[in-house]
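Below is a short briefing on a predicted model. Take a look at the sequence and the 3D view before reading on.

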Amino acid sequence: MASQSRKGGVSLPDRRNPKSGGGGAASIISRISQSEIVSRGRQAACDGAYVAKKLLKSTGKAAWIAGTTFLVLVVPLIIEMDREQQLNDLELQQATLLGAPPK
Amino acid sequence: MASTTVKTEQHDQPPKEKVVEKVDYLNLPCPIPYEEIHREALMSLKPDVFEGFRFEFNKGLSPQFALTHSVSMGVTEIPSQSPETIKIPTAQYEFGANFMDPKLMLLGRVLTDGRLNARVKWDFTDNFSLKANALLVNEPHMSHGMFNFDYKGTDYRAQFQMGNGALFGANYIQSVSPHLSLGGEVFWAGQHRKSGIGYAARYNTDKMVATGQVASTGMVALGYVHKVSEKVKKFDFVHCLVWDLYDEFLRPFFKLQVSLASDFMYNYMSRDVTASAGYDYILRQARLRGKIDSNGCVSAFLEERLNMGLNFILSAELDHSKKDYKFGFGLTVGQ
């Protein structure tokens, strides 16, 4: 709550009566901002922000796990297959150049 | 002068007709020893990942006798009660001597902290063999040793084990068909007053090996290893990467052996389940093993041949659930 203050701390001031257009206890702005639709809308926006933040965090976590797992499991494999491919190409080239090696 | 012609690809043999052979039940092959029943799965799925630096030097003094010197600097983990593991940096030097004869094998290793490991394997007849294994440490009552007596029959193997702490065990495995072998074991541990019985089965063909093992200690272990090695068209890296991932990773090219392994372990006493899957690529210049686990653990182990007698090792283990990452590299010199 905004009006609770810690010892020696600074707290927000109490909510003053909002400036009213027509005077009286219930002004237009306060009526709108306390109406049902707006408070529902605010609640939905809060929930939406919460869910979006959680989704972003879990997507980030999943991306991290997938990325590091790919780096450890797949990248050495690609590198080794590429080297094997180069070695095969070299041997094939040498075989065509010099003739097949005697068995 | 003979003219040299470039040999085009030729078939090794004309294709044979598939002959259905009648199974000769009196002449079955000898099965694999009981303790090696999971051998293929273990070789592919459990490389010794390490953390830190490792250097090994093998020097052969004669065709049968060799010395090894090994230095390893890294971190060892101590199991602790808190969820975080305690890691202590250690460094050690290990000296070892091997004597390999067709009939007799002797192996000894000494470490700087005083541990001595010795192994003997002696085939004193064609069918009988004796194995012994000892580990001596400085702390009292922590050393242990084990003797195994093996008998190899025509299509069965039997083994009797004796260890310190009044540990006795026996196991027996028999070939039931050219592909299937079944076995069982019993053991009794006097020190802990425990006894147990277990059964194992192994089915293997040229292309695959399936094993299963159940024990009364609550362990159920199943394993499956599939060997893929075919001759395929020339490998096009970019094309395969874009169009067909299966072609890239599972279809190897000449002189390439790939094993895909998967493993399932279940303990019905403690309700602990672990499944893992991995691959083992044996290329001409390198050997790469990778594994992923259901505990969120990913590990890879690469041995690359830099030169004749010089091997470079890289190991990585990422444990995503405990956020524990271990990386190691090393060099192996010698035959």
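**Conventions**
- Residues are numbered from 1 along each chain as its sequence is written, and chains are lettered from A and ligands numbered from 1 in the order in which they are written.
- In this predicted model, local features need pLDDT of at least 70, side-chain atom pairs count only at pLDDT 80 or more, and totals for chains, interfaces and linings use all residues; side-chain values use heavy atoms, with hydrogens and water left out.

**Chain A overall**
- Chain A has three helices and zero strands, in the order α-α-α from the N terminus.
- Helices (H or I, at least four residues) and strands (E, at least two) are DSSP runs, numbered from the N terminus.
- Of its 103 residues, 13% count as buried (under 20% relative accessible area; exposed is over 50%, partly exposed in between; 1.4 Å probe, protein chains only).
- Chain A exposes about 8900 Å², and carbon and sulfur atoms supply 62% of that area (Shrake-Rupley method, 1.4 Å probe; for residues, only the protein chains shown count as cover).

**Helix 2 of chain A**
- Helix 2 (residues 36-73) has 38 residues, so at 1.5 Å a residue it should span 56 Å; its end C-alpha atoms are 55 Å apart, which agrees.
- The expected span is 1.5 Å times one less than the number of residues.
- Its buried residues are A:T68, A:T69, A:V72 and A:L73.
- These pack against helix 3 (75-98) of chain A, and against strand 15 (272-282), strand 16 (286-293), strand 17 (297-307) and strand 18 (310-319) of chain B.

**Helix 3 of chain A**
- Helix 3 has 24 residues and reaches 35 Å from first to last C-alpha, close to the expected 34 Å.
- A:L77, A:I78, A:E80, A:M81, A:E84, A:Q85 and A:N88 are buried here.
- A:G99 follows helix 3, with a positive phi near 90 degrees.

**Confidence**
- The model scores ipTM 0.75 and pTM 0.76.
- Chain B averages a pLDDT of 84, and 86% of its residues score at least 70 (pLDDT is the predictor's confidence in each residue, from 0 to 100).
- In chain B, pLDDT stays under 50 over residues 1-17, which have two contacts beyond four places in sequence (contact means heavy atoms within 4.5 Å).
- Residues 231-240 of chain B also stay under 50, with 16 such contacts.
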